[in-house]
Amino acid sequence: MKRIILTICLLSVICSCSSQNVNKDNGLLEFYTINMDSEKEFMQESLAQMERRGVIDKAQSELVLNCLVADWQSIAENKIALTCEELDLKAANTLEKLQGVRATVDFYELMTTEYAGITTENSMKDGDDSCNPNIVIWEWWQANQTFDDKIYEMRRRLEDMQTRAAGSRSQDAVNQSKEIAAEVNKDIDILQHSESSDIAGIVEIVEAAIAKYRGRQDIDESILLDIGYVYNLMASSKGLDMSSETMDWASGLK
C-alpha cells in the first residue's frame with residue numbers, strides 16, 4: 001500500500017498548504033456563504049476516523065485538512081467563478097500535493113464530498129453549475145488504488161453493512177449481517193493471501209458466491225448490494241470484469 005511516510009517532501013508540501021493556516025483565531029477564514037467552522041469540523045472528524053483505522057498518519061491528516069481548507073478559502077474569496085477546467089486543475093493540483101496519502105475509499109469520499117461543496121460554492125458566483133471535478137478525483141483514485149487499498153475497501157464495506165443493520169434495531173438483521181460478513185471475510189482472507197497469478201481461484205470464489213446468494217429472498221436487498229459490491233471488487237482486483245454477474249444478482253435482478 002501507499003503507506004509513504006513523507007519526510008523532506010512532506011514538509012515542503014505542508015509549507016505550501018499550511019500557509020493557509022486553519023487556526024480559528026488567526027482571522028484568515030472569513031468566508032462569504034459557508035460556515036467554515038462546521039465544514040472544518042466535518043473534515044477533522046473524517047480524518048480522525050481515518051487515523052483510527054490506521055490508513056493515514058497525523059502529519060498526513062493535518063496536510064489534507066490544510067490543503068482542503070485552503071481550496072475552500074480560495075474559492076470563497078474569488079469574486080469571479082473558476083471555469084470547469086480551472087476547477088479540474090485545482091483538484092488535480094491538490095491531489096498532487098497529497099500524493100503520499102493512501103488512495104483509500106475514505107480519502108476518496110472525503111475529497112469528493114469537499115469538492116462537491118467547493119463546486120457549489122464556485123457556481124454561486126455565476127459559474128457553470130455543471131462542472132464536476134469529482135471525475136478527476138475518481139480517475140486519480142482508480143489509478144492510485146493499490147491491491148491492499150481494495151482489500152481495505154472490501155472489509156470496510158462489510159463493516160458499514162453491519163453498522164447499518166445495527167441501526168435498524170432488528171436483531172435478525174444484525175445476526176444476518178454478522179454471519180454473512182464473517183463468511184465473506186473468509187473469501188477476502190483467501191484473496192489477500194493469494195498469488196498475483198491466481199486468477200482462476202478467485203473466479204471460482206466469486207462464482208461460488210453468486211451461486212450461493214443469487215435469488216435469496218431471505219436476505220435484505222441492501223445486504224445483497226453490499227456483498228455484490230465486495231465480490232465485484234474481488235474480481236476487479238485480479239483485473240477481471242465480472243460486474244454484470246456480481247451486481248445483477250445483488251440489485252434485485254434475481
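Here is a short walk from the whole chain down to single residues.

**Start with the whole chain.** Keep in mind that this is a predicted model. Colour by secondary structure and you'll find 11 helices and zero strands. Read along the sequence, the pattern is α-α-α-α-α-α-α-α-α-α-α. Of the 254 residues, 44% are buried. Among contacts with a separation of 6 or more, 76% join residues 24 or more positions apart.

**Now colour by pLDDT.** The mean for the chain is 84, and 83% of the residues reach 70 or more.

**Next, select helix H6, residues 134–144.** Show side chains for its buried residues: Asn134, Val136, Ile137, Trp140, Trp141 and Asn144. Turn the view to look down the axis of H6; these buried residues fall within an arc of 155 degrees, so they line one face of the helix. What do they pack against? Bring up helices H4 (84–97), H5 (105–123), H7 (147–167) and H10 (221–237), and you have the partners of the buried residues of H6.

**Step over to H7 and pick Arginine 156.** This residue lies in H7. Is Arginine 156 buried or exposed? Its relative accessible area is 10%, and the cut-off for buried is under 20%, so Arginine 156 counts as buried. Leaving out residues up to four places away in sequence, Arginine 156 touches Arg53, Val105, Asp106 and Glu109.

**Last stop: the largest pocket.** To centre on the pocket, select Gln142, Tyr229, Asn232, Leu233 and Ser236, the closest to its centre of the 13 lining residues. H6 and H7 come back here: along with H10, each supplies at least two residues of the lining. Which helix gives the most to the lining? That is H10, with four residues. Colour the lining by residue type and you'll get five nonpolar, five polar and three charged.

Notes
Residues are numbered from 1 along each chain as its sequence is written. This is a predicted model: local features need pLDDT of at least 70, side-chain atom pairs count only at pLDDT 80 or more; totals for chains, interfaces and linings use all residues. Side-chain values use heavy atoms; hydrogens and water are left out. Buried means under 20% relative accessible area, exposed over 50%, partly exposed in between (1.4 Å probe, protein chains only). The arc is that of the directions from the helix axis to the C-beta atoms. Contact means heavy atoms within 4.5 Å. pLDDT is the predictor's confidence in each residue, from 0 to 100. On a 1 Å grid over the protein atoms alone, a cavity is a set of points where a 1.4 Å probe fits but cannot get out, and a pocket is an open set with protein on both sides within 12 Å along at least five of seven lines; lining residues have an atom within 4 Å of a point. Ala, Val, Leu, Ile, Met, Phe, Trp, Tyr, Cys and Pro count as nonpolar, Asp, Glu, Lys and Arg as charged, and the others, Gly among them, as polar.
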